[in-house]
Amino acid sequence: MKPTVLGVLILARNGHRTGFYQDPYTYEPSFTESTALGAVESFQLGSYLKSTYLDSSSPLHILDMPLDPSHPIPPSQVHVHAKAGGEGATVFHSSIALLQGMFPPTPRNKITLAHGTTITSPLGGYQYVPVEMVPDSSDTVLESWVDCAAFKKHITKVYSSQEFQEKAQEAKHFFGSVHDYVFGCPTTLENIVYNYLNTELVYNQTFAFRLPPTLIEQARALANYHEDTVFSDNEVGALGTVLAGRTILHPILGSLERIAFDDDPPRILLIETSYQPLISLFHMFDVLTSRPDLAGFPNFASALSFELLRRPAPEFRDFVRIKFKNGTDDSEFQTLRVLGHEDEAIPVTEFIYRLEHYAIPNTKQWTSACGNSRWFPFDTTLSTATEQTSMMAVVLGALSLFAFAMFALTTFIKHAMNAKGARRNEAVVQQHGVSIVHSYFLFSSAYQRCNNTTFQNYATFDVSEKAGLLP
């Protein structure tokens, strides 16, 4: 007899989005937005999860879930958590698209009122699945590497290592070749030019026609090396995995315990996140020994599935089987061998026992691991609430004053530069006697999309050959 699927935990990466940049030394993310392509990818992933775990004909149909596909989903059986990172609502939007595919509208999602009228949910019976989120400034589970002092030191250590320097030396020819196609992006190994190249290649037809063969493959290989090096370490409990892997490990193990041991457990738990935790978990689970191809970026709309299985009598023992679907590259889940096991599943008690002491379960331990200040930004140790409030008031007042001063200075400089630029352009036009045929502002220049800083706006003029570009 086949084992019974007691429940599943899904870690899903967001779908495609617009241009994205992270500061290479702090990993502060830039704002980005979901695209229709990304929504479709996540929706298709949700549809695949539905056919795998919810269809009555599937051998992996989850215990106690409705056999009738038109039956509305029981709210108590599903728990969803989405990252609310500094990049904006991209991850949240992906979670909604995934849920739309996994729990599509059904006409049975209706209610009969006291006076006899039957009301069907909008959009033909849309199923509203609650999604929990934590403000990005306090999410020490799904974005734990940002604002972590020890992680910044880890990044510096990686960049200064001999291995990284040798890799940068090897990549010099590539960066020389790609320089003319990144339009101001820093062409160094520290900066991931793949993000810019891939976004333009997908959404910009002119760029796609111009980009020479193999450059995108070389950029992806270097990006894989970069992120795999930053979000891993030689030991499971070391700093490279302390954030992305060890912080998300706590809800993973907790979810498995709830499914296996609670009297009324949830059956489906979904965590929608970015790519960083997946990289670290592959190292923590020793997946790369048998699947070295998974080192680096997982594709958009990838999913890591933890299936909790109960084997039939006389054993009645619970196991966890881990599978991975690498975006649209894989048509179905592939089973991963973890923690040195040759079998496709590992006893859940052993899995929890071998990993639970690496998990970081709360903000206090995260603060300790990061070596951050005790009171900011997550203070839980001050002796009184009055002391904490007073300290925060002082800091916020100082920050407000500094922000006002910087705004005033920036406004003054901007006006001065705009006036100077206008005089230069006028002088050049008068000198060469050219007429401006067309002008437009590159408000978000290519450099700004590659660099999380404000860049001076440029006016590009379509003028005679003599005038060219007038900054």
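Rings of Phe, Tyr and Trp (its six-membered ring) pair if their centres lie within 6.5 Å, with planes under 30 degrees apart counted as stacked, over 60 as edge-to-face and the rest as tilted. Y25, Y159, F164 and Y225 form one aromatic cluster. This is a predicted model, in which local features need pLDDT of at least 70 and side-chain atom pairs count only at pLDDT 80 or more, while totals for chains, interfaces and linings use all residues. Residues are numbered from 1 along each chain as its sequence is written, and side-chain values use heavy atoms, with hydrogens and water left out.

**Aromatic pairs**

- The count comes to 18 aromatic pairs.
- Y25 and Y159 form an edge-to-face pair, at 5.2 Å centre to centre and 90 degrees between the planes.
- Y25 lies in the loop between strand 1 (4-13) and helix 1, and Y159 in helix 4, 134 residues apart; helices (H or I, at least four residues) and strands (E, at least two) are DSSP runs, numbered from the N terminus.
- Y25 is partly exposed, with a relative accessible area of 44%, whereas Y159 is buried at 4%; buried means under 20% relative accessible area, exposed over 50%, and partly exposed in between (1.4 Å probe, protein chains only).
- The pair of Y194 and F297 is tilted, because the ring centres are 6.2 Å apart and the planes stand at 40 degrees.
- Y194 belongs to helix 7 (residues 193-203) and F297 to the loop between helix 12 (276-284) and strand 7 (303-310), 103 residues apart; both Y194 and F297 are buried.

**Disulfide**

- The structure holds 1 disulfide, a term for a pair of cysteine sulfur atoms within 2.5 Å.
- It joins C148 and C370, with their sulfur atoms 2.1 Å apart.
- The link of C148 and C370 is left-handed, with -110 degrees about the S-S bond.

**Salt bridges**

- The whole structure contains 10 salt bridges, each a side-chain nitrogen of Lys or Arg within 4 Å of a carboxyl oxygen of Asp or Glu.
- E143 forms a salt bridge with K83, the closest N and O atoms being 3.2 Å apart.
- E143 is in the loop between strand 5 and helix 4 and K83 in the loop between strand 2 (78-82) and helix 2 (90-102), so the pair ties together parts 60 residues apart in sequence; E143 and K83 are both buried.
- D318 and R310 form a salt bridge with closest N and O atoms 2.7 Å apart; D318 is buried, with a relative accessible area of 10%, and R310 is partly exposed at 30%.
- R321 and E344 form a salt bridge with closest N and O atoms 2.9 Å apart, and a network of salt bridges links E307, R321, K323 and E344.

**Charges at rings and a buried glutamate**

- R13 lies over the face of F300, at 4.2 Å from the ring centre; a charge sits over a ring if NZ of Lys or CZ of Arg is within 6 Å of the ring centre and within 35 degrees of the ring normal.
- The charged end of K325 sits over the ring of Y48, 5.5 Å from its centre.
- E41, in helix 1 (residues 36-53), is buried yet has no salt bridge, and the nearest side chain of opposite charge, R13, is 8.4 Å away; Lys and Arg count as positive and Asp and Glu as negative, while His and the chain ends are not counted.
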